[in-house]
Amino acid sequence: MATPNDEFSLYDLRVEVVTNRGRMLCHERIGDHFEVRGGRISFPAGQEFPLYALAALLPLLPAKQRDTHPNDWMTTDADIACPDVHCGAVFRISRTGRRTFHHGEESGEPLPDRP
Ligand SMILES: [Zn+2]
């Protein structure tokens, strides 16, 4: 259950194919993308996305959703190469907005009592 002081925020993300440095062997297309909002991913209707690139991108997304130190490479670096060494696709993770959540609506664990 949401309470007034159990708020936290996460960045919304957009992950998009932005560059082709060679042959895109996974059949990526410039502009292919998906959006991340909280714990959910959405793809444009009918658009496909390469499985192995998605698998490589997934571990980075929760970190990109959260505040990071200005000097942290996780803050500054946004372009990710396709994990297929022979593929030229580059994906960009962009923070597109910020969304507020309530712990009580996102977790079954109670918050610890705070003084
Ligand atoms: Zn690829």
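## The sheet

In this predicted model, 5 strands form an open sheet in the order β3-β2-β1-β5-β4. The pairing is antiparallel. Strands here are DSSP E runs of at least two residues, helices are H or I runs of at least four, and both are numbered from the N terminus. Two strands pair if DSSP finds at least two bridges between them.

The edge strands, each pairing on one side only, are β3 (40-42) and β4 (79-81). Neighbouring strands are turned by 25° against each other on average, direction ignored; axes are lines fitted to C-alpha atoms, and angles run from 0 to 180 degrees between N-to-C directions. β4 and β5 run antiparallel and are joined by 3 bridges. Ile-80 has Phe-91 in β5 as its bridge partner.

## Overall build

The protein has 4 helices and 5 strands. From the N terminus, the elements run β-β-β-α-α-α-β-β-α. The radius of gyration is 17 Å, well over the 13 Å that the globule rule gives for 115 residues, so the protein is more spread out than a compact globule. That radius is taken over C-alpha atoms, and the rule is 2.2 Å times the number of residues to the power 0.38. Along the principal axes, the C-alpha atoms fill a box of roughly 55 × 35 × 20 Å.

Of the 115 residues, 17% count as buried. Buried means 20 or more other C-beta atoms within 10 Å of the residue's own, exposed means 12 or fewer, and partly exposed lies in between; C-beta atoms are placed from the backbone.

## The nonpolar core

A nonpolar core is a set of buried Ala, Val, Leu, Ile, Met, Phe, Trp, Tyr and Cys residues joined through C-beta atoms within 7 Å. The largest one has 13 residues. Val-15, Cys-26, Ala-53, Cys-82, Cys-87, Ala-89 and Phe-91 touch the most other members. β1 (7-20), α1 (51-57) and β5 (89-102) each give two or more residues to this core.

Beyond its neighbours within four places in sequence, Ala-89 is in contact (C-beta atoms within 7 Å) with Val-17, Asn-20, Met-24, Cys-26, Glu-28, Ala-53 and Cys-82.

## Gly-31

Gly-31 lies in the loop between β1 and β2 (33-37). Gly-31 counts as exposed because it has 10 C-beta neighbours inside 10 Å. Leaving aside neighbours within four places in sequence, Gly-31 contacts Glu-16 and Val-17. Gly-31 and Arg-114 are 46 Å apart, C-alpha to C-alpha, and 83 residues apart in sequence.

## Basis

Residues are numbered from 1 along each chain as its sequence is written. Local features need pLDDT of at least 70, side-chain atom pairs count only at pLDDT 80 or more, and totals for chains, interfaces and linings use all residues.

Definitions and conventions: Contact = placed C-beta atoms within 7 Å.
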